[in-house]
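The following exercises are to be worked with the sequence and the coordinates at hand.

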Amino acid sequence: MYLNRSHKNFHLTTTVLSLITLFLIVTFWGGKNSKLISVLQDIISLILLFSLTVLIKSYIKKNKISFLSLTYAVASLFGVLLIAIFFSSLGFDDLSEKLKSEISLFSFASNVIGIVYLLIFCFESAFAFVVLKEFYFSKRTRFNPVYFQLLIIFGILSAVTYTLFSDINESISTAFLVVSIVLIIKNSLGISWIAFLTKKEKYKLLFVSLLITVLASLLIGYSSSQTIHAQTLTTYSTGFYKLSVLVLIYAVIYFGVLLFTVLFHLPTAEAFDRKAEEVSSLHLFSSLINQVLDFDELAETITELTRKVSGADSSWFVLYNDSSAKTISSKNISDKDLEEINNYLLNSGECKNLSKAKICSIEKSIIKTRLSEQFSSILITPLRFQTELKGFIIAARKSGLIFFEDEVKAINAFSDYASIALENSRLLKESIEKERLEKELDVAREMQKKLLPAVNPDLKEIQICSVFIPAFEVGGDFYDFYTDKANEFSFVIGDVAGKGISAAFVMAEVKGIFESLTKILSSPKEILFKANQILARTLHRKNFVSALYGKIDLTNAEFKFARAGHCPAILVRDEEIFSYQPKGLALGLDFTDSFSENLEEVKINLKKDDTLIFYTDGVTEAKNKSNEDFGESRFLETIKINSHKDVNQLAKEIISEISVFTNDSTQYDDITLLILRWNKN
Amino acid sequence: MADFSTILKEQGDISVIKLKGYLDAHTAPVLENKFDELIKSSKYKIVVDFADLAYISSAGLGVFMAYIEKVRENQGDIKLASMSDKVYNIFDLLGFPLLYEIYKSEEEAIKKFSE
C-alpha cells in the first residue's frame, strides 16, 4: 500500500519537476537555438509524458472506467483543447516571441501561461495515448504487444530525429513518421470490444467517435507549424509537439475506423442484444436447479425467466393436477385475461398434442376483444417430464408485436430445464411427505405391537397358538385373551376398517372396551352389543370394527361365541371342517336395536382334540402378483390336510402355504390367525 | 395395488356411479369425492353399480357408511347393484345387507327408486 503510494508520488513528483525544469530552461535559454538544449527539452518532455501516462493509467485502472466513458472523456478533452487553441490565438499572438525574448516580467508571465498550456496538452496527449493503448490491448484474441511497442519506439524516434536533424535532413524523421503511421493503421484494425456493447451503447459510441474524429482532425489542422499553438509547444519541446500530433493522428485513424466498425455493427446490434440476453438467461437456468427447496420461489423464477428469455411482456405457467389445469405463477397479466387466454389455449385443440413451443396468434380470434389489454402474440410451450405432460409455460406480447423463431428455440430449451426443476421439487416434497408417513406408521406399528398380548396364556385344557403378521401400513387387526375369571377362557379377534395411525387409535379404544366388558358381562352376544353401544359415542362411521368374541367354559367344555361382521369361525373335528357364520353386523355400523336383533350367539360342546380356528380377512384376501386372493377354499384345504398336526405346526403350514401363494407380493393387510385345541375329554 | 375409477351417469333424478377396479384405503378418496359432489348438488338418489369392481376392502365399505346417514336424512338412498359373489360375500360378512338394499341389476335398483 505504502509502496504503491510512493510509486504514485514518485510519478507525480517527476511530473512537477519536469515542468519546473522546462519552465527554467525556457526562462533562461528561450530563443537560443542550441541543439543540446532542444534535445534536453525533448528528453524532459518525454519524461513528463511518461509520468503523466503512468498516473492516468493507474487512475483508470483503479476506478474501472468503462470504455464508453473513456471515449466521452477523450471527446471532452479534445473539445477543451480546441477552445484553448482558439483563445490562445485570440489572446497571446506574440506569446512565443515573448518566451524567446530576454528575461523580463513579461516573458516570465508568458512562461507561466505557456507552461500551463503545455501541461494541458501534455495531459491531453498522455490521456489519449493511454485510452488508445487500453483499446488496443482489450479483448485481443491473439495477444500481440509487439506492434504497439514498435509504434511507441518509432513515434519517439520520429520526434527525436526531427529535433536532431531537422536542419540537416528532415527525411529521416519523416521516414520514421511514415512507419509510425503505418503501424497506427495496423493497430487501429480489428476492433473487437464494441461487439459486447448493447444497441443503445453502440449508438452513443457512433456519435462520440464521429465527434472525436472531427475534433482530432481540427486539432491536427491547428497544429500545423505556423500557428501560435504549434510555436508555443515547439518552444518547450519540438519532440513533444511532434508526438502530440502523432497521438492526434492515431486518434483520428482509430476513431475513424471505430466509426465505421460501429456503423457496420448497428444492423445486427439488436439480434446480438437478444443473443446476449439468451446466453445470460441460460446461465440463470442452472440456478433453477438450486431452488427446488422452495416451490413458490421456483415458480416465481420460472415465470420471470420465461419473460426474459422470450422477451415477452407477460408470462405465466400452468400445471396439471388431476387433469385440471392450475395457474401457478404469473407476471404482468390480470387474472381475468389470464383465464380467458388459458381457456382459449388449453381447451382448443391446438395445444392438445404439443411437443414443442408454438406461436399462437390471437390477433384475429374472438377472445382478443374480451381481453382488457392488447395481447397480440402468444408463445406456448409444454412442460414435459419424460413423456408425461405436466403443464404449459405461456408468454405473451402486447401491442402488435409477434414472437420470432429464435425465441421459440430459447423457450424450448428453457422449458426442459424448468420441467426438471419442477419435477425435482415435486420429488423432494414427495420424499419428505413419505418420510413423515413412515414415521407415522412406525408409531402406529409400535402401538399395535403393544396392544397385542405379549405371550399366550398357558392353560392345561387348551393349547393356544397365535400368529400375527403386520402389513407395512398397519391394517388394524387385533386380538386379546382374558383368563381372569375362574374356569373360563375368553378371547376376542377383530379388525378395524382403515389403516395407519387412525386404525391404531381405534384398536386401542376397542381393546379397552373389551377388557372392561369381559369383567362385568359373560355372554359374548351381550358383550358385543354393549361394545357397539359404547362405540356409538366415539366411532366415526367409516371406522367400523369387525369382531368375534368367544368364551370357553373350562369345566363343562362349552364354547359360546358371537360374530359382529367378522370372518367365520372354523371347527375341525375328526378331520372334518365346520364353518360357522352366524348373523351379526360389524360394530359401529348400526346403533339401533336392529344390531342386537341381528346378532346370533352360537354354542358348541367341545370334544377332545377339537380345533377352533379364527382369522382375519388378511388371510383369505392375501394376494399374489396377479391380484388373485388366497381365498377360503385354499385356506380350508390347507387346514384339512394338516389338521392332525400340533397347533403350532398347523399354523406354520397355513402361513407357509400363504407365503408360497403370494410369492413375495406386497402384503396389504395384517394377517392374524388364532388356533385353539381342546385337550380335555 | 391396481387402479380404481368411477363413471357417473344421470338417469332422471337418479345418479348411477359405476365402480371399476380395486376399492381400498388408497382409492377410497376417489369415491368419497364423487359422493361429496353428488351431495353438494343435492342429488340424494344414488345407485352404485359394482359390476366392474374387482375388490373392495373394509376401508372401501367405510365410504358407503360415511354418506348413508346424510343421504337418508334427505329422503334419498344409496342402493347397491350388480355385485359379484366375491364382493357380495365381503358385504355379507360385515352385515351390510341389513343396512343397504342390494339388487341384482342396476335397472332393478333404479326401478326401486320410482316405486
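The model is predicted, so local features need pLDDT of at least 70 and side-chain atom pairs count only at pLDDT 80 or more, while totals for chains, interfaces and linings use all residues. Residues are numbered from 1 along each chain as its sequence is written, and chains are lettered from A and ligands numbered from 1 in the order in which they are written.

**Exercise 1. Describe the side of chain B that touches chain A.**

Step 1. Contact requires that the C-beta atoms of two residues, placed from the backbone, lie within 7 Å. On this basis, 15 residues of chain B meet 20 residues of chain A.

Step 2. Helix H2 (residues 58-73) of chain B supplies the largest share of this side, seven residues. Helices are DSSP runs of H or I with at least four residues, strands are runs of E with at least two, and both are numbered from the N terminus.

Step 3. Sorted by class, the side of chain B comprises eleven nonpolar, three polar and one charged residues. Here Ala, Val, Leu, Ile, Met, Phe, Trp, Tyr, Cys and Pro count as nonpolar, Asp, Glu, Lys and Arg as charged, and the others, Gly among them, as polar.

**Exercise 2. Is Phe91(B) buried or exposed?**

Step 1. Locate the residue: Phe91(B) belongs to helix H3 (residues 85-93) of chain B.

Step 2. Apply the cut-offs: a residue is buried if 20 or more other C-beta atoms lie within 10 Å of its own, exposed if 12 or fewer, and partly exposed in between. Phe91(B) is buried because it has 20 C-beta neighbours inside 10 Å.

Step 3. Leaving aside residues up to four places away in sequence, Phe91(B) touches Met83(B), Phe96(B), Pro97(B) and Ile102(B).
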